[in-house]
Amino acid sequence: MEYLLIILSVLAIGIILFITIHPTFGGSPSKQDFERYLNFNHYKNGKFVNQSPTDMKMDVSTILSLMKDSLTGKKNLSPHNPIPISIDWNKIDSVEDSLTWFGHSTMLLTLDKKKILIDPMFGPSPSPVSFVGTKRYSEDLLYVIEKLPQIDVVLITHDHYDHLDYPSIIRLKDKVGHFFVPLGVAAHLMKWGVKEERITECNWWDEKQWDGLTIASVPSQHFSGRGLFNRNSTLWNGWVILGENLRIYTSGDGGYGAHFKQIGEKYGPFDLTLMEGGQYDKRWSEIHMQPEESVQAHLDVKGKNMMLIHWGAFTLAYHSWTDPVERAIGAAKHKKVNLIAPNIGETVVLNGRFQGPNSWWKALKPKNTLEIESSTPH
């Protein structure tokens, strides 16, 4: 028993040291930052909170049900073969207004000749270390960063690993003009070598003018944290990007709520909405939308065209990997919403003539083994 206690103690100390020392876990807001947060209605008891009360409890029954699902070997959770990706770099460089999707929530947006990269996650796994957790459906995309054009702006919606990737930022930071992030997230970037003057932190409803664009931080209903001890120490958000002729909205992660109508009233209508709608489960329904809710949220913000995001790259929930887009297509048809579903790596020209989904995923056979991240869903 004594030897067991010693081993467990050493293991616990090792884990704490790893979390404290390894740079992938990022930094922490300063004491002055935390004091400033006290002035905000959505910061209580040392944590950021959602506009509406959100149940984030993981009780024993929930944990047991998750363990059960992880052992059942459900089918179709990931594609049978790696998803092929073809990127037209000439099109990215030459088209004035376009969007290129790299899977999950990572997108390169060209708007008014500005290159805007959203939630840059090109790494192999959305976890602190690459050998733990689910693996990317396609090949490792870190090489893409070397081929990207100079990036004017990076927008980050929150600090979870599937949206803020340490290996990606390390490779990307020297070719980015400026970072816009929610409150507290600057600490991560600065620990990774990004200069403070190249970072703008935003609270909900902050609106910034940048090189002819309007960039606004808007609420989402989610949570944050990269370690065991910093849950909700940083903020989460969505982004509104207003150009000369186009209005774009990306929801970030989050459950369905009244904030969508608020965003629509203030900034709608939008030419294109990028709506989170993957990695859902009834057990965490308040922090991730079902696809049908994503379509409704698109209508709430007064969107004209919709693209479903947060799918197509990683298995973080227990549904079929194609379930999000297929359900979204069904809901969009029912509510007469124009939904696009480009191939991963495809560049969509934002010229007002958006083509419907071509169902590219149907050509990829599913496999029957379970690949799911072992940590709390992001």
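The model is predicted: local features need pLDDT of at least 70, side-chain atom pairs count only at pLDDT 80 or more, and totals for chains, interfaces and linings use all residues. Residues are numbered from 1 along each chain as its sequence is written, and side-chain values use heavy atoms, with hydrogens and water left out. The largest nonpolar core holds 86 residues, and the count of salt bridges comes to seven.

**Salt bridges**

- A salt bridge is a side-chain nitrogen of Lys or Arg within 4 Å of a carboxyl oxygen of Asp or Glu.
- Side chains of opposite charge can pair when their charged atoms come close.
- Helices (H or I, at least four residues) and strands (E, at least two) are DSSP runs, numbered from the N terminus.
- Arginine 36 is partly exposed, at 34% relative accessibility. The classes are buried (under 20% relative accessible area), exposed (over 50%) and partly exposed (in between), with a 1.4 Å probe and protein chains only.
- Asp33, Arg36 and Glu201 are linked in a network of salt bridges.
- Aspartate 271 pairs with lysine 304 at 3.7 Å, N to O. Aspartate 271 sits in the loop between α8 (259-267) and β14 (272-276), and lysine 304 in the loop between α9 (291-300) and β15 (305-309), so the pair ties together parts that are 33 residues apart in sequence.
- Aspartate 271 counts as buried, at 17% relative accessibility, whereas lysine 304 is partly exposed, at 48%.
- Glutamate 292 and arginine 327 meet at 2.7 Å, N to O. Because glutamate 292 lies in helix α9 and arginine 327 in helix α10 (residues 323-334), this bridge ties together parts that are 35 residues apart in sequence.
- Glutamate 292 is partly exposed, with 33% relative accessibility, and arginine 327 is partly exposed as well, with 25%.

**Helix α10**

- Helix α10 has 12 residues and reaches 17 Å from its first C-alpha to its last, close to the 16 Å expected at 1.5 Å a residue. The expected span is 1.5 Å times one less than the number of residues.
- Its buried residues are Pro324, Val325, Ala328, Ile329, Ala331 and Ala332.
- The cover over these buried residues includes α9, β15 and β16 (338-340), where contact means heavy atoms within 4.5 Å.

**Nonpolar cores**

- A nonpolar core is a set of buried Ala, Val, Leu, Ile, Met, Phe, Trp, Tyr and Cys residues joined through side-chain atoms within 4.5 Å.
- In the largest core, Phe179 and Leu189 touch the most other members. The largest share of this core, five residues, comes from α10.
- Leucine 189 touches Ile156, Leu164, Ile169, Phe179, Val181, Val194 and Ile199, not counting residues up to four places away in sequence.
- Another core, of eight residues, lies apart from the largest one, and among its members are Tyr37, Phe40, Leu183 and Trp236.

**Surface patch**

- Val60, Ile63, Leu64 and Met67 form a nonpolar patch on the surface, with about 390 Å² of accessible area together. Accessible areas come from the Shrake-Rupley method with a 1.4 Å probe; for residues, only the protein chains shown count as cover.
- Patches are made of residues with over 30% relative accessible area and no salt bridge; like charges are joined within 9 Å, and nonpolar side chains (Val, Leu, Ile, Met, Phe, Trp, Tyr) within 5 Å.
- Isoleucine 63 lies in helix α3 (residues 60-71) and is partly exposed, with a relative accessible area of 39%.
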